[in-house]
Amino acid sequence: MSALKIHNTLTKQKETFVPINKGEVSLYVCGMTVYDFCHIGHARVMVVFDVVSRYLKYLGYNVKYVRNITDIDDKIIARSVEAKEDFTQLTKRFTDEMHQDEASLNVLPPDLEPLATDSIDNIISMIEKLIANNNAYVGPNNDVYYSVESFENYGQLSGRKLDDMNAGERVDVDNNKRNPFDFVLWKSAKPEEPSWTSPWGQGRPGWHIECSAMATCCLGNHFDIHGGGMDLQFPHHENEIAQSEAATGERYVNTWMHNGFVRIDDEKMSKSLGNFFTVRDVLKKYRGEEIRFFVLSSHYRSPLNYSDEQLNESRSALERLYTALRDVKPIQNNLQSDYIRRFEEAMNDDFNSAKAISVMFECANELNKLKSLNPEQASLIAGDLLKMAGPLGLLNQSPEEFLQSSAGADSVISNDEIDVQINQRLQAKEDKNWALADQIRDALKEQGIILEDKGAETTWRRVNVATLATQPQ
RNA sequence: GGCUGAGUGGCAGAGUGGUUAUGCAGCGGCCUGCAAAGCCGUGUACAGCGGUUCGAUUCCGCUCUCAGCCUCCA
């Protein structure tokens, strides 16, 4: 079998993955700053790295997956003042909301979820080391800054040189800094702001240092994989490397993974542009699994354009897979089938979920053919399909649950009422009263219920009325 | 200005130096009372211009277009 290859942002190449400790993988992902609801961009990070972690486990690795929560920063303080809500209350509230969104998307909780505010001691001791090593200094305003010039390899991750960068491009140059690209490690508190005691007075940690401290604390000075969104490449991850390597004297991370953005109309979805959809909003119209499928239907490094059309397609695609699994009892196939081999090959190629999913569809096609011809063989194929779905976190419901659930559908008719209608129609069919039978079927269709006759039986599934209406006739 | 990445059939989206991606939509057929689902068949896609090659969508160069980063951001 082919070996797992991962695209490393540090080298801009796909590299064969070799863990530091045989059989173990240490994975750190930058998590949310919890002052608002998750948007679809956050959903992408959560889903992508959930799949990374699941697939590594599928390959037999013992995975330690850490994803932090940033629960103190300027935006949190601003929001808590605005909402007149204690900042710990606010962050607790949105942490809970995030966990709900994750569950909706079938994202498994990481193994550890450290909080920045629980890591203040580690942060302070790391800053002390940096000052002792002359990588950091206390500014005239008592803020502590990291000196980018003190770190020889600064810019290695983002591929830029200090000389090439435009200081003051967006933000006014801060005169407390020796170099405009120096960044804050410890920020002095203004009156009324939440703060912790430190050798430099009351204050709070800078954004970048918390991740260095938490990752090092949970996974050691040197670990396997660090992930996050593209936009964190610079400055956040660049700064993490500078801090951690200067503080520990060791290499920080072997493999850096960055996922592409979600876009709306070919423009980055972001809070600052205000063009974002929250997971909560989208879940009103679509099931979590549909969002998940949408995310996985393109490669994690590609841009992902969000649209209702895309979500509708994801729904149709999932319907096809679940339909294939109807009326078949999946059993574990102990032989390595060609599907599984090709699935693993796709996933081994930098987690190519889009390609992996295409193998699932080929498998579904064969399953559909075998269901009537050779049920035993069909059961094995169905087992393969579910085996592939596992590390992708898909197809974890029963076909009936998915196809008949009203979650994300806009039809309101009850299951009982549907059964009543179906029975009436069966009677009409028996009477060869085709007009009545068709009338009942059409009426149900208008309510988002599609009937399917199979011999003397009738099965049904729920679809979106809105989707039906927008489909070209 | 510096640095990345991308341009594939109606849409979405993989991939490859010569052979069907896959899904949705379309068209023809089978099945069906009629449908739906499913199955079978069906599309002369690879931004443009040069170059390398027996052969390029795939490699190289240039051009055009788009997106991202250059201390808010996943």
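Which residues have the most contacts inside the largest nonpolar core? Select L385 and L395: they hold that place in a core of 122 residues. Keep in mind along the way that this is a predicted model.

Stay with L385 and show what surrounds it. Beyond its neighbours within four places in sequence, L385 is in contact with L321, L325, M360, C363, A364, L367 and L395.

Now colour the whole core. Helix α1, residues 40-58, gives the largest share of this core, eleven residues. Domain 1 (19-263) and domain 2 (320-401) each supply at least three residues to this core.

Next, turn to the sheet. Select β4, β3, β9 and β10, which form an open sheet in that order with parallel pairing. Look at the edges: β4 (62-67) and β10 (253-259) each have a single partner strand, so one side of each has no neighbour in the sheet. From one strand to the next, the twist averages 20°.

Zoom in on β3 (residues 24-29), which pairs with β4 over six bridges. Here you can find S26 opposite K64 in β4.

Bring the helices back into view. Helix α1 lies across β3, β4, β9 (223-229) and β10, and runs at about 160° to β4. Helix α5 (residues 207-219) also packs on the sheet, where it touches β3, β4 and β9.

For the last stop, select β14 (residues 449-454) and β15 (residues 457-462), an antiparallel pair joined by six bridges. I450 of this pair faces R461 in β15. The two strands form a hairpin with two residues between them, and G455 in the turn has a positive phi of about 60°.

Terms used. Residues are numbered from 1 along each chain as its sequence is written. Chains are lettered from A and ligands numbered from 1 in the order in which they are written. This is a predicted model: local features need pLDDT of at least 70, side-chain atom pairs count only at pLDDT 80 or more; totals for chains, interfaces and linings use all residues. Side-chain values use heavy atoms; hydrogens and water are left out. Two strands pair if DSSP finds at least two bridges between them. Helices (H or I, at least four residues) and strands (E, at least two) are DSSP runs, numbered from the N terminus. A nonpolar core is a set of buried Ala, Val, Leu, Ile, Met, Phe, Trp, Tyr and Cys residues joined through side-chain atoms within 4.5 Å. Buried means under 20% relative accessible area, exposed over 50%, partly exposed in between (1.4 Å probe, protein chains only). Domain bounds come from an automatic or database domain assignment. Contact means heavy atoms within 4.5 Å. Axes are lines fitted to C-alpha atoms, for helices over the stretch in contact, and angles run from 0 to 180 degrees between N-to-C directions.
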